[in-house]
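Here is a short report for a reader meeting this structure for the first time. Please look over the sequence and the 3D view before reading on.

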Amino acid sequence: MKKWFIYLGLSLTVLLPMLLPGYIFALDMVFAPDIRLPDQVTSSYPFYALLHFLNVIVPSQVLQKLLLLAILVLSGVGAYDLVRWLQRTPEAHKNALMWGAYIAGGLYMINPFTYSRFMVGQFAVLLGYALLPFFALALLKLFERPGIRRALILAAWAAGIGVVSIHTVGLACILILLSIPLLIHRYRANPKVLLRIGTYSLVSIGVTVLASAYWLVPLLTGESRTADAIAGFNTGDREAFATVGGDVLNRVANVLQLQGFWAEGTHTYLLPQYVLPIWFVVVIGLWIVAGMGVSWMIRHGQRFAVGLFGGAAMVAVVLSATSLSYTVADHVPLFAGYREPQKFAGLLALAYAVAVGFGADSLLERARQSRSEGKLAVTTIAVLLLPFLLTPTMFWAFGNQLTPREYPNDWYAVNDRLNQEPGEGRVLFLPWHLYMSFSFSGRIVANPAEQFFDRPTIVSNELEYAGASPTMPDKEKTALGALLRDARQGKADLADRLAGHGIKYILLSKDDDYEAYDYIANQPGIRLIQTTGNIELYRNDTYGRQP
């Protein structure tokens with residue numbers, strides 16, 4: 001239990017100011033008062049269904065913060081358990097082992113990779129990332145002593161990762177593929193052991209496939225929403241979400257620093273190097289400690305782990321920083337779903353955590369053997385501070401960049417008014433943007449209207465970023481976008497055309513470029529029925545009159 005309290009305490013140094021009442025708004029993370037069941041079955045359906053049912057008794061803003069807390073705590077505990085299990089060597093000092101494992105967990109939960117993902121609200125990616133060390137540990141345990149119980153545990157972690165983050169499934173698959181040649185080499189003189197490992201590995205894979213069939217079969221047959229999205233990605237998406245860096249060497253350097261995420265180029269949040277002038281010295285320190293850890297592992301019989309996690313790190317760098325990921329996407333089905341290749345750097349973060357755990361042990365053991373209390377104290381402080389100095393921008397609500405905020409009262413008032421309106425009919429939300437800045441969010445975020453309002457509400461699906469295509473293609477939304485452009489130029493009967501789409505109401509939020517929609521008030525058949533400080537609500541009187 002000690003490890004849980006330690007990582008909970010460390011998590012609170014990040015999240016404590018964010019636990020006050022209110023919602024945390026980040027680019028892709030918007031929670032509304034009611035968490036609804038998804039309208040389509042995807043890999044994450046069980047996850048959001050669970051949140052929906054928990055929301056019956058737990059407020060959504062509480063669930064959001066518990067989720068963020070769970071991401072950090074699980075990341076720390078998972079990496080700790082993995083390193084602690086790997087460090088079972090009689091040559092190592094017991095206390096050194098404990099310190100190294102704790103430092104590994106701290107580094108895995110607090111680093112530039114996780115920081116950037118938090119800042120853009122990719123909580124599902126982060127949750128999958130948090131489960132990855134548990135999967136890796138279950139994989140190593142199966143290889144050590146294959147059996148039905150360990151095969152089922154591995155399948156449970158694999159299926160769980162698929163539920164929370166389909167992208168992390170690819171990272172888990174890379175670990176599996178890398179382990180095959182390593183196992184063949186390791187047991188080349190003992191084929192019976194290799195056969196036993198292979199047999200139970202197939203059992204684990206089979207159980208995982210069965211547990212994931214509800215989303216895996218539609219995906220592979222091209223009949224799911226995710227398959228449609230992947231099919232729609234193009235060259236524009238690759239360019240928009242490419243790893244940051246002018247050339248391959250710069251991209252490699254960024255990835256080795258656990259950076260290079262496309263959003264870093266938008267300058268929408270602080271980077272560690274902006275607040276710590278000696279940050280690159282800290283990065284060099286990370287590389288040195290990790291290198292010492294790799295050396296220690298090789299000398300103490302951990303060559304398999306070095307091959308597995310070292311290989312994963314190299315694959316992560318190559319796929320994140322070079323054009324190989326695009327070449328693979330052209331030949332491997334579904335790989336095009338990784339239109340943002342820096343996600344593979346999550347494997348590098350895991351490799352760093354493992355190596356630094358061993359490297360910290362090596363440093364502490366050397367300092368202890370020197371019998372200098374001063375040297376031991378300095379070394380201990382240095383390795384403990386590594387995660388803090390590597391990502392100082394994560395602490396205290398990400399440098400107060402993410403703080404709790406509330407939806408305006410008039411959003412609730414308009415929602416009540418819509419609920420009192422008789423009959424059916426959908427709501428068109430304007431301005432027509434998927435991502436926009438709201439007065440209450442304090443930053444650009446995904447439009448929360450679909451989640452907030454009880455009546456079915458339509459918002460744009462256009463990313464409006466560097467020529468990238470919509471994440472989820474939708475022919476109706478494409479048509480509505482064209483209709484609004486025509487109506488602005490006086491080329492369309494807006495009321496009648498909207499009625500054809502089943503749209504009875506127009507909700508104009510006074511945010512972003514809302515002045516560009518002044519023409520709505522002058523459209524025949526469209527009438528203002530409510531206005532507040534932040535919202536204008538119109539009714540389409542043409543709705544229901546069509547023959």
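## Aromatic contacts

Trp411 is buried, at a relative accessible area of 0%. Buried means under 20% relative accessible area, exposed means over 50%, and partly exposed lies in between, with a 1.4 Å probe and protein chains only. This is a predicted model: local features need pLDDT of at least 70, side-chain atom pairs count only at pLDDT 80 or more, and totals for chains, interfaces and linings use all residues. Residues are numbered from 1 along each chain as its sequence is written, and side-chain values use heavy atoms, with hydrogens and water left out.

Aromatic pairs come next. Rings of Phe, Tyr and Trp (its six-membered ring) pair if their centres lie within 6.5 Å; planes under 30 degrees apart count as stacked, over 60 as edge-to-face and the rest as tilted. By this rule there are 37 aromatic pairs. In one of them, the ring centres of Phe143 and Phe304 are 6.1 Å apart and the planes stand at 80°, so the pair is edge-to-face. This pair links distant parts of the chain: Phe143 is in helix α6 (residues 123-144), Phe304 is in helix α16 (residues 303-321), and 161 residues separate them. Helices (H or I, at least four residues) and strands (E, at least two) are DSSP runs, numbered from the N terminus. Phe143 and Phe304 are both buried.

Trp411 and Phe440 also form an edge-to-face pair, 5.2 Å centre to centre with 80° between the planes. Here too the pair links distant parts of the chain: Trp411 is in helix α21, and Phe440 is in the loop between β2 (435-437) and β3 (444-446), 29 residues apart. Phe440 counts as buried at 6% relative accessibility. Trp411 and Phe440 belong to one aromatic cluster, which also includes Tyr23, Phe25 and Tyr407.

The rule asks for NZ of Lys or CZ of Arg within 6 Å of the ring centre and within 35 degrees of the ring normal.

| Charged residue | Ring | Distance to ring centre |
|---|---|---|
| Arg117 | Phe261 | 4.0 Å |
| Arg488 | Tyr517 | 5.1 Å |

## A buried helix

Arg117 is one of the buried residues of α5. In helix α5 (residues 112-119), 8 of the 8 residues are buried, so the helix is largely enclosed by the rest of the structure. Asn111 caps the N-terminal end of α5. A side-chain oxygen of Asn111 lies 2.9 Å from the backbone nitrogen of Phe113. After α5 comes Gly121, with a positive phi near 75°.

Gly121 is also among the contacts of Met29, together with Ile24, Gln64, Leu68, Val120 and Phe123, leaving aside neighbours within four places in sequence. Contact means heavy atoms within 4.5 Å. Met29 lies in the loop between α1 (2-15) and α2 (45-54). Met29 is buried, at a relative accessible area of 2%.

## The sheet

An open sheet of 5 strands has the order β4-β1-β5-β7-β6, with mixed pairing. β4 (457-458) and β6 (526-531) stand at the edges with a single partner strand each, so one side of each has no neighbour in the sheet. Two strands pair if DSSP finds at least two bridges between them.

Strand β1 (residues 426-430) pairs with β4 in the parallel sense over 2 bridges. Leu428 has Ile458 in β4 as its bridge partner. Helix α21 (residues 409-420) packs on the sheet, touching β1, β5 (503-509), β6 and β7 (535-540). The direction of α21 makes about 15° with that of β7. Helix α23 (residues 475-488) also packs on the sheet, touching β1, β4 and β5, and its direction makes about 60° with that of β1. Axes are lines fitted to C-alpha atoms, for helices over the stretch in contact, and angles run from 0 to 180 degrees between N-to-C directions.

β1 and β5 run parallel, joined by 5 bridges. Leu430 stands opposite Leu508 in β5. β5 and β7 run antiparallel, also joined by 5 bridges. Ile506 stands opposite Tyr538 in β7. In β5, 7 of the 7 residues are buried, so the strand is largely enclosed by the rest of the structure.

## Backbone details

A cis peptide bond joins Leu430 and Pro431, with omega about 5°. Pro431 is in the loop between β1 and β2. Asp512, in the loop between β5 and β6, has a positive phi near 55°.

How values were computed. Polar contact = N/O pair within 3.5 Å; in protein donor to acceptor, adjacent residues only side chain to side chain.
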